Amino acid sequence: MSSDRQATFAAVFTVKWLCYSVRWLSGTTPSGLPRITIVWMRFLVLLALSLSTLISASIFQARPVSAQGPSADNRSSETPSQVSDSLDSDSQDARKPAPLEFHKARFNIAREGYVSLSWDSLDTAGLDGAAGQDGGAIQYEVIDAAQRSHYRGAFPNAFISGLSDGQHSFQVIAYNEAQQVVARSNVPAELTVEHWSLRRALTLFFIGLAVFIAIIAVIVIGSWTSPIETTSTAPQVAEKT
Amino acid sequence: MIILASGPVLTPTAGYWMLAFFSLLWVGLGIWWGRRAKSYDGFAVAGRNVGLALGTATAVATWITSNTVMLSPLFALQLGVWGALAYSTASFGLFAFAPMSGRIRKLMPNGFTAVEFIRRRYGILGTIPFLLISLFYALTWLISMAMAGGKLLNILSGIPYPIGMTVVVVVCVLYTLFGGMYAVIGTDFIQSLIILVGLIVVAVAILTQVSIGEVHQHLQAERPMLLAVLFPAALMALFNNMLFSFGEVFHSNVWWSRAFAMREGVGPKAYALGGLLWLPVPIVAGFLGLAAPALGIGISQPDTVGPLVAATLLGSTGALLVFVVIFCSLASSIDSLLAATSDLIVNDMVEPSVRKFSASVSDRDKRFWSSVAIIGLGLLAWGAALPNKNTLAEVLFFAGPMVGSCIWPIIGGLYFKRPSPIAAASSMVLGSCCGLVAYFAIGWFVASLIGAAVSGVTFGLLTILVPGKFDFADLSNPLSNHLPESDLNTTLNIEQ
């Protein structure tokens with residue numbers, strides 16, 4: 001059975017079961033038990049059945065699925081520095097990597113330790129065969145000055161976060177399916193991270209705590225001290241303030 | 001094994017089938033439940049007889065929005081573990097509203113909207129800023145939900161953004177139109193079951209494939225600040241997010257209309273239970289965001305990493321489940337917004353205007369205006385969301401300081417007689433302005449906090465300096481809501 005048919009069958013079955021469950025949940029109450037008890041009992045049974053069915057399905061089905069892009073079982077074991085070294089040697093299939101350019105290479109001071117990098121995507125047709133004989137998909141990798149990888153994927157943008165205080169520099173490298181470098185950035189993206197001062201952060205934290213406590217206090221005190229009076233039947237005009 | 005997220009994990013065909021299937025289901029249920037809405041009371045507040053199970057389910061379903069699955073991983077990736085916890089503090093809004101909902105139900109047994117409360121409590125002076133803030137928040141939330149719907153369906157299944165967004169909006173408009181609050185709450189019940197079961201399955205499946213120790217190790221090596229206890233921005237964001245949620249829940253007619261719809265005594269329990277059920281959801285979603293780097297999944301757009309990680313790791317069935325969960329979470333919020341905002345428009349804008357020219361307004365007229373409002377809101381949301389400008393979604397964050405400034409007028413007005421219209425109006429205006437200044441000067445993660453703090457100080461000072469003396473009986477008096485023009489002028493003159 002094709003996957004689409006499987007999906008349709010599963011959906012129809014699920015909906016029928018849901019409709020039955022809704023009717024069953026809101027059915028008539030057997031004698032002797034409060035309605036709310038019956039509803040909650042049925043709800044819990046339904047939840048347990050749903051959970052067991054779906055867990056069974058997911059255990060059977062759950063397997064990593066690579067999206068339409070290639071899986072990277074054969075990720076290059078070479079570090080980027082080794083890759084760039086290999087570029088220096090004139091192998092028969094290696095071409096000089098085309099330059100990649102970040103849309104923005106200089107950033108204002110990042111106070112929260114994150115940055116979004118983007119660059120032009122490569123048109124494989126424009127690489128004159130550097131993408132490989134089959135002209136396969138391009139994978140990008142963003143590395144920092146210490147050659148640590150911060151992003152690897154097919155999209156020409158990367159979100160990098162959790163950076164500590166200091167200067168950070170990033171390069172982007174493009175690989176073809178054969179893990180050959182086909183392009184890299186000439187100009188690194190540079191960023192200075194300077195987190196907000198802890199003093200300011202803690203001040204605002206405690207202001208927030210005070211406001212929160214005040215709100216809860218108003219609700220609690222108001223509930224205790226402002227009982228609801230009986231409704232007056234005569235129309236009244238608001239008094240002068 | 002490194003899994004590269006480079007495209008949709010569900011085929012468009014499967015996506016279209018699921019979309020069609022659930023669309024027909026929700027619209028069908030809307031028509032079926034709509035038969036019970038025989039009066040405007042039935043249409044707007046489900047006959048004021050909703051019980052605990054449905055009340056809890058609607059609270060959970062409405063509060064689980066696309067933002068919950070998109071923004072909590074974003075918070076976690078930006079602000080670390082504190083970020084996920086900060087997002088989960090939004091459940092405190094429901095906890096705090098629980099006792100308030102009981103009081104609202106008792107004080108206004110025939111009420112419909114939050115603006116009606118403000119109008120009765122503070123008059124025109126308090127109503128204008130509050131109505132503006134309410135409409136701004138409701139419309140930006142609605143538009144951001146519509147945009148999120150199109151975006152998520154596109155990312156998960158490749159369905160083109162305009163089609164996915166249009167289907168989501170049209171389906172929600174249709175079943176809200178046919179069934180009113182009965183359809184909204186009824187579908188919320190089913191949607192909450194699907195969402196909660198789906199999230200449990202996703203959480204269990206992820207934990208079987210991802211080692212928490214490995215995630216911790218990876219984060220420590222490559223993104224150390226995400227684990228820092230004293231992460232400055234995260235510390236600032238914690239109470240900011242909580243106060244944003246207080247403002248959202250306290251002021252929004254989405255929650256007030258539910259308080260009016262629930263049977264007396266049910267509201268406090270339903271909201272408390274709803275908050276409890278909602279609390280772990282952003283923590284699970286946030287964990288997905290933090291696990292992505294450890295799994296080697298490249299993060300391009302952090303707001304889509306949660307659904308993408310779940311769908312990529314769980315295979316075809318998991319992808320279907322994520323698709324359905326997201327569709328349900330979107331529908332459950334959009335329908336609530338449509339219903340609540342149309343109530344606000346009919347009850348607080350159209351009806352008072354029509355009453356100046358006509359002595360009575362029939363239920364039939366109100367149903368008609370509600371229908372027009374729902375369709376109009378749907379068209380507005382669709383038109384604004386169609387260009388898919390990200391900046392529109394970011395506008396929702398401007399609402400943070402505005403809704404934060406509404407906290408004090410609401411709770412002060414609900415519990416105490418002294419707060420006056422001047423205190424309410426001034427606190428809303430000053431709080432909003434100062435909060436917006438903080439938004440641009442410092443960042444989004446302090447705007448609501450500053451707005452609420454300034455509003456609170458202003459409200460407190462003016463309540464002491466310019467006290468009022470309100471009679472709570474006016475909240476339930478049917479005549480005081482629709483004063484004849486001569487009395488209305490007298491009231492205004494006295495208040496000024």
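1. In this predicted model, helix α10(B) contributes the most to the lining of the largest cavity, namely five residues, where helices are DSSP runs of H or I with at least four residues and lining residues have an atom within 4 Å of a cavity point. Helices α4 (66-79), α7 (114-157) and α10 (232-251) of chain B each supply at least two residues of that lining.

2. The largest cavity has a volume of about 280 Å³, a cavity being a set of points on a 1 Å grid over the protein atoms alone where a 1.4 Å probe fits but cannot get out. Of the 19 residues that line the largest cavity, the closest to its centre include B:N67, B:Y87 and B:E248. The structure holds six cavities of 30 Å³ or more.

3. Chain A has four helices and eight strands, strands being DSSP runs of E with at least two residues. Of its 241 residues, 35% count as buried, that is, under 20% relative accessible area with a 1.4 Å probe and protein chains only.

4. A:L198 lies in helix α4 (residues 198-225) of chain A, and A:L198 counts as partly exposed because its relative accessibility is 33%, which falls between the 20% limit for buried and the 50% limit for exposed.

5. As to conventions, residues are numbered from 1 along each chain as its sequence is written, and chains are lettered from A in the order in which they are written. Local features need pLDDT of at least 70, and side-chain atom pairs count only at pLDDT 80 or more, while side-chain values use heavy atoms, with hydrogens and water left out.

Terms used. 1 Å grid on protein atoms, 1.4 Å probe; cavity = no way out; pocket = protein on both sides within 12 Å on 5 of 7 lines; lining within 4 Å. Points joined across faces, edges and corners; volume = space filled by probe spheres on them.
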